[in-house]
Amino acid sequence: MDILVCIKQVPASNKVEVDPVTGVLLRNGADSKMNPYDLYALETALKIREEVGGTISVISMGPPQAMAVIREAFAMGVDRGALLSDRRFGGADVLATSYTIAQGIKKMGDFDLILCGKQTTDGDTAQVGSEVSEWLNIPSVSNVKKISKVESDAITIEMDLPEELEIAKVQYPCLLSVDKDIFQPRLPSYVKKMDTADREIEVYSLDDMEDKDETHYGLNGSPTQVKRIFPPTANDHHEVWDGDGSEVADKLFDMITDMKFI
């Protein structure tokens, strides 16, 4: 089975600068890590390969520093990795991001199963995986919490819905967005890290895509535009109020009213 896992490098902390003009995160120079939810997708791929055999590839989108998460995936046991990296991809919303990833997947080849984490910790939309499947015209399932059976032509999964647990059998090729705790992610292997230190990472730019129209990528291809983004103001002011509960409640009500919150 040929499996592809979509992974992403995200900021390692919430102290990230934002471009005041475009509203996008300034990632260069910031401490980064692999998106935690993607580790569950990687472990799912490794478990499936252990059961039925095959190959595992990963694809990521970002600046050259994002190669670090592909190297980490190699150290976990992944066979192949590709990075979509081009300044013209920058500033993409979920629509342009999913389209770029779908174009990159087509460049890499055909896959039986594509796996994604539930969401990313920097965007938190949980939309990219499903949108990638739409661009590729393949079925997808989100909130997958268990792999029940892996067959030669289909995979049976359990998805966690708000009020019920649903079981579905999905034909290949398909895309699954897995929830956390589907499997416990393994740690990268130092031996594998050394063995794969010189392994090539494929790097694709817009010029390598089947669709080379710049208006479909990055800020140009993003119908969602950030109007304004700013960090919350730190509140270092502390005030102690005297009085019983009723008096304190009255003071709080007056303060909220003066602030025009109600």
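Visitor: Does glutamate 166 count as buried, partly exposed or exposed, and why?
Guide: This is a predicted model, where local features need pLDDT of at least 70, side-chain atom pairs count only at pLDDT 80 or more, and totals for chains, interfaces and linings use all residues. Residues are numbered from 1 along each chain as its sequence is written, and side-chain values use heavy atoms, without hydrogens or water. Buried means under 20% relative accessible area and exposed over 50%, with partly exposed in between (1.4 Å probe, protein chains only). Glutamate 166 has 34% relative accessibility, so the class is partly exposed.

Visitor: Which residues is glutamate 166 in contact with, leaving aside neighbours within four places in sequence?
Guide: Glutamate 166 sits in strand β9, residues 165-171. Strands (E, at least two residues) and helices (H or I, at least four) are DSSP runs, numbered from the N terminus. Contact means heavy atoms within 4.5 Å. With those neighbours set aside, the partners are Ile157, Glu158, Met159 and Leu161.

Visitor: Which residue caps the N-terminal end of α3?
Guide: A side-chain oxygen lies 3.1 Å from the backbone nitrogen of leucine 95. The residue that supplies this oxygen is aspartate 93.

How values were computed
A polar contact is a pair of N or O atoms within 3.5 Å; within protein, one must be able to donate a hydrogen and the other to accept it, and residues adjacent in sequence count only if both atoms are side-chain atoms.
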